[in-house]
Amino acid sequence: MEALIYGGHRLHIHLALVFNCFIKTGYLPRLFMQSLIIPLVKSKSGDLTDVNNYRAIAVSTAISKLFECIIADQYTSVSPSDMYQFGFKPRHSTGLCTSILKRTINYYTNRGSHVFSCFVDFSKAFDKVNYWKLFNMLLDDGISVEMVQLLAFWYSHQEMCIKWNSVLSGCFTVANGTRQGGVLSPYLFSRYIRGMIHNIANSHTGCKIGNTWVNILAYADDVVLLSPSWRGLQSLIDSLLLCLQNLELSCNDRKTVCMVHNPHNHSRIVKSSFPLFKLGTSNVQFVSSFRYLGHIVNDSLCDNDDIQREIKNMFIRTNMLIRKFKRCSFYVKCTLFRSYCLSLYDIALWRKYTMTCLNKLRSCYNKCIKSFFGYNRRYSLTQVLLETGLPSFDTAVHNSACIFARSWQNCPNALVEYFSVINISY
């Protein structure tokens, strides 16, 4: 990649000529279309012998990534339903999507209504994308025929091999799916499910705030459905299954779960239990908490569970730094600690918690600083912060809240702007 960055003007001219030839002829060299698949473990605490516990990441050449970036910049389309899709978009994040979810639930529960949510998990969504349906969608968007022909040639002739313990397999072709790890894959997948999101958002069923429907939120293939009534959510699930059938995708009924959020006014609670939702022929189980986009959401919107998650993760990250970088210089340690242990972005989503739980996180933060830099536990914390130049816990929390508020204000998403205009908080 450094050769492309520092190659100079002549290299850029030659690359432009080559890329233009690719587009005009609709042809790509074989080596250009080859990718290396590296299996990554999803959960290290899970079963390492289970094939479903691995995610296949495709590593391609630097030139092909550059070509994909050019295609993504020049040949993309937009739709009003894109405001429900937060995945892999500039100035969007998981925190913004989770914030919209919590604000919508809180809006209804504060007004005495139940909210039913369904967290949908797709079965290998990226791997089951039908190329030819996708290319027809791109043609409907007005993408040039030359570019669609090139993509069709690329995806129908691409070859992959698998690397496992420094051993490479033989090359094989792939008949469907977008490559996880590819630059263009997030846009192609978002375009593939755009029609599904549009149909559900315009089904006139589910949660509605003002004149805007907020019945579906998506971050790539992580989808959540929202409705203030049981029958409404079941209707949304049925519509989702119908759309997925047309897209040749399927839901994982073992990982798809539902949640019931009761009104804050307990006198407005209709029932203490509800029938199970139907996902085709399977039942969807109710849960009291769910980890959505890395943030633990529970049925009462209490953030104590998510604070406990952050405490556990901070201890894990600090122990990893101590084990691997104990002998590094003081400056390197400061840089590492800022990078790995001050990433408290979702802390700005915490609104409902106990001070006891927050004080545990404060104590964890202080202990991690002293342990990593080798200070005695009785050493003055103020002196430690002065010597390391690290912020105090309260300062770190305040900085994270300011960063999130800035990203909220600068987000170009129409749904975020609408929530800001009508001033819905949580």
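Mentor: The secondary structure comes to 15 helices and 15 strands, where helices (H or I, at least four residues) and strands (E, at least two) are DSSP runs numbered from the N terminus. This is a predicted model, in which local features need pLDDT of at least 70, side-chain atom pairs count only at pLDDT 80 or more, and totals for chains, interfaces and linings use all residues. Residues are numbered from 1 along each chain as its sequence is written, and side-chain values use heavy atoms, with hydrogens and water left out.

Trainee: Which residues of helix α13 are buried?

Mentor: Buried means under 20% relative accessible area and exposed over 50%, with partly exposed in between (1.4 Å probe, protein chains only). On the face turned away from the buried side, α13 carries the exposed T382 and L386. Within this helix, residues 381-388, the buried ones are V384, L385 and T388. They lie on the same side of α13, because they cover an arc of only 95° around the axis, counted from the directions from the helix axis to the C-beta atoms.

Trainee: What do the buried residues of α13 pack against?

Mentor: Contact here means heavy atoms within 4.5 Å. By that criterion, the buried residues of α13 pack against α11 (330-341) and α12 (355-373).
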